[in-house]
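Dear colleague,

I am handing over the structure below, and my notes on it follow directly after.

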Amino acid sequence: MEDAKIYVDYEYGKLREVIVGLSTGMTPDLKAPWFENALRILPEDEAAYARETAGMNFADMIHPDTGKSESEMLEEETQAFIAVLKKLGVKVLRPKEITPEFIRENYGEKILINGYSQDFPRDNLVIIGNTVIECNLRTPIRKTDISGFSEILREKCVDGVRWVAMPHTEPLAIPGDETPLLEGGDVIVLGTTILVGNSMNPAVGSNEAGYRWLKNFLGDAFNVMRVPLVPEILHLDCVLSVPRRGLAILCPEAFAEGIPKALEDFDTITVSLEAASRLAVNGLPVDESHYIMSYNDHNDNEYIREELEKRGISVYPVYFGVHNGQGGSLRCATQALTRRCEY
């Protein structure tokens, strides 16, 4: 598999190629039936801002202090992030930009009630080994994002790469509990152990049927474990990061049924539920010695930085406050295409 165009084996495997999101999008309309429940995963100030800017294009959302648009500020943060990735030898790809006009033409006018968002490419795909899975998302704002990946996937899904799609629901349907729903932010890959988060918030994230679908699809070669999360948490990667073998950054309060058994012998760096809600945990390992960490106006995350550095890991802080305000951070903003443990 050394020459595979797509391959991911561990969260902390050496990152060689990655998709980084764009700064384009539109916020959901207040009339979107799922919107209010989904806002429960945001701190109240961020939820209030989401209501205030509902239905707006990112390019038209002008910040009163900076005079810059949401798109401009997102892209400034993204470019700083990309600079660190390139410094560490990672090849960066960007999706194709989609627009409201593209969505109207290819998905229909009505779907724009859900908005769209290209800044967090993590959720549309799950990559395990040389298998690429297009997910059936619960989160409506990201359902059209998959169109931005089509050119990359056509180029990369060759030479032994398996490319499949989950059974998809209609774009405007409200899926029931029996419908398999899976989002990339809920899937943590640790070799043949695959952790799948399930938020108890019925408006967001993966569900138990999605976990069962993935377990059945992967078969007996993998140990796929369901990880229930409290309703305030969107995805598993908001409360769990694995910088290297045997080490985890996590929020114990977020696990509705306790910390997963797969992590019981790990050295852990723990954070509060409040810090996790501000995306303290959602960093990006580049390999077992290098970790990119976000920070914002609420969390400087110096505690995490100090704990990682005590363990011999070099930390690269990146300000990601605008992204964090939208409910995601560094792992959310990426989709690893090639990541391989070197031993």
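Helix α6 (residues 208–218) lies across β6, β7 and β8, running at about 150° to β7. Here helices (H or I, at least four residues) and strands (E, at least two) are DSSP runs numbered from the N terminus, contact means heavy atoms within 4.5 Å, and angles run from 0 to 180 degrees between N-to-C directions of axes fitted as lines to C-alpha atoms, for helices over the stretch in contact.

Please bear in mind that this is a predicted model, in which local features need pLDDT of at least 70 and side-chain atom pairs count only at pLDDT 80 or more, while totals for chains, interfaces and linings use all residues. Residues are numbered from 1 along each chain as its sequence is written, and side-chain values use heavy atoms, with hydrogens and water left out.

The three strands form an open sheet in the order β6-β7-β8, with mixed pairing, where two strands pair if DSSP finds at least two bridges between them. Because β6 (125–128) and β8 (162–165) stand at the edges with a single partner strand each, one side of each has no neighbour in the sheet. Neighbouring strands are turned by 20° against each other on average, direction ignored. Strand β7 (residues 131–134) pairs with β6 in the antiparallel sense over four bridges, and L125 stands opposite E134 in β7.
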